[in-house]
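Have a look at the structure below before reading on.

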Amino acid sequence: MTGRPRGMVTRGTTNPNRLRRVDGWIAATCARPLREAADPLVVDLGYGATPVTTVELRARLAAVRPDVRVVGLEIDPVRVSGAAAAADPPWLEFRRGGFELAGLRPVVVRALNVLRQYDEAAVGPAWAAMAGALAPDGLLVEGTCDELGRLASWVAVGADGPRSLTLSARLRHLDRPATLAERLPKALIHHNVPGTGVAGLLDALDRGWQAAAPYSTFGPRQRWLRAVAAVAAAGWPVLDRPARWRLGELTVAWSAVSPPPRDPGSIHVVRTT
Ligand SMILES: C[S@@+](CC[C@H](N)C(=O)[O-])C[C@H]1O[C@@H](n2cnc3c(N)ncnc32)[C@H](O)[C@@H]1O
């Protein structure tokens, strides 16, 4: 027994294929720990009014490891009952649970568009609860996206605390990188003001995008590649390689964007289990 699920019921908005960008990143970034895990268990926390994105997550990660097990956790019992018809045990299950992860010990937790409806002060404790329940070498991926999944961002949090921020955009629809500001993770969205790391990063990316305007002739991907290269050249700790940039991504070390120390987004995760 793990007691009462931690958290609160929020709006259940979701959409098919909305989380494809983060799923692609998880499949690439977490491939090694997933393949090496004794129990390849993944939790999708807060799947919403329908379990469609959990079903998609299981299908995408099965390409990495066919015996991956995905458990969708929801704090709303009505949504748990509603998802039962989509279950395919043991590969895909739906249960009631919250930030404590219902006693599970997954290799990966995806929690998208969940913390957006909480106060910022809830972020640190939620990260600590989820990251503290991870299997060794596990990763929590927590973030936000727009309704159709064209703009997204997420934080990778390990048992040692937050590690990276990823910005991701469908380049064909991207006006300018600054629009990603609307879809920053809860830990950062209120810190996008002049002088902060995240504001500096978005500004550097936006300026790189403007400077690379002539490359639009060759398509938005070429323009994004140049913009990200400019961000790296300016000294930002870019963690990923051009192969990911080509997908409209940019991943930087969390240290470059971490909010001031007294804020919850800067806390260090302490293993609790
Ligand atoms: C906006 S929906 C997100 C659905 C889906 N993840 C997506 O991105 O399309 C947020 C869902 O998270 C659930 N939720 C909020 N806090 C939770 C918690 N602590 N544990 C489990 N589910 C939670 C809400 O009940 C809601 O159904």
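Arginine 4 sits in the segment before α1. (Helices, meaning H or I runs of at least four residues, and strands, meaning E runs of at least two, are DSSP runs numbered from the N terminus.) With a relative accessible area of 75%, arginine 4 is exposed. Here buried means under 20% relative accessible area, exposed means over 50%, and partly exposed is in between, using a 1.4 Å probe and protein chains only. Between arginine 4 and asparagine 113 there are 109 residues in sequence, and from C-alpha to C-alpha they are 22 Å apart in space.

Before going further, keep in mind that this is a predicted model, where local features need pLDDT of at least 70 and side-chain atom pairs count only at pLDDT 80 or more, while totals for chains, interfaces and linings use all residues. Residues are numbered from 1 along each chain as its sequence is written, and side-chain values use heavy atoms, with hydrogens and water left out.

**A covered helix**

Now to helix α5 (residues 123-132), where you'll find alanine 128. Its relative accessible area is 17%, so alanine 128 counts as buried. Alanine 128 and glycine 138 are 10 residues apart in sequence, with 13 Å from C-alpha to C-alpha. How many residues of α5 are buried? Nine of its 10 are, so the helix is mostly covered. Among them are Val123, Trp127 and Met130. The cover over the buried residues of α5 includes β1, β4, β5, β6, β7 and α6, where contact means heavy atoms within 4.5 Å.

**Charged partners**

The structure holds 15 salt bridges. A salt bridge is a side-chain nitrogen of Lys or Arg within 4 Å of a carboxyl oxygen of Asp or Glu.

| Glutamate 147 | Arginine 183 | 3.7 Å |

Take the pair of glutamate 147 and arginine 183, joined by a salt bridge. Glutamate 147 lies in the loop between β5 (139-145) and β6 (151-158), and arginine 183 is in the loop between β7 and α6 (186-189), so this pair ties together parts that are 36 residues apart in sequence. Glutamate 147 is partly exposed, at 42% relative accessible area, whereas arginine 183 is buried at 13%.

In the other two pairs, arginine 163 is partly exposed with a relative accessible area of 38%, and glutamate 249 is buried at 2%. There's also a network of salt bridges that links Asp23, Asp44, Glu56, Arg60 and Arg110.

What about arginine 21, buried and found in helix α1? It has no salt bridge, and the nearest side chain of opposite charge, glutamate 249, is 6.1 Å away. (Lys and Arg count as positive and Asp and Glu as negative; His and the chain ends are not counted.) Leaving aside neighbours within four places in sequence, the contacts of arginine 21 include Trp154, Arg170, Leu247 and Glu249.

**Empty spaces**

Rolling a probe the size of a water molecule over the atoms shows where empty space is left. On a 1 Å grid over the protein atoms alone, a cavity is a set of points where a 1.4 Å probe fits but cannot get out, while a pocket is an open set with protein on both sides within 12 Å along at least five of seven lines; lining residues have an atom within 4 Å of a point. Grid points are joined across faces, edges and corners, and a volume is the space filled by probe spheres set on the points.

The largest pocket has a volume of about 270 Å³. It is lined by 16 residues, and those closest to its centre are Arg21, Arg221, Arg246, Leu247 and Gly248. Which element gives the most to this lining? That's α1, with four residues. By class, the lining has five nonpolar, three polar and eight charged residues. (Ala, Val, Leu, Ile, Met, Phe, Trp, Tyr, Cys and Pro count as nonpolar, Asp, Glu, Lys and Arg as charged, and the others, Gly among them, as polar.)

There is one cavity of 30 Å³ or more. The largest cavity has a volume of about 280 Å³. Its lining has 29 residues, and Leu45, Gly46, Tyr47, Glu74 and Val114 lie nearest its centre. Elements giving two or more residues to that lining are β1 (41-45), β2 (69-74) and β4 (108-112).
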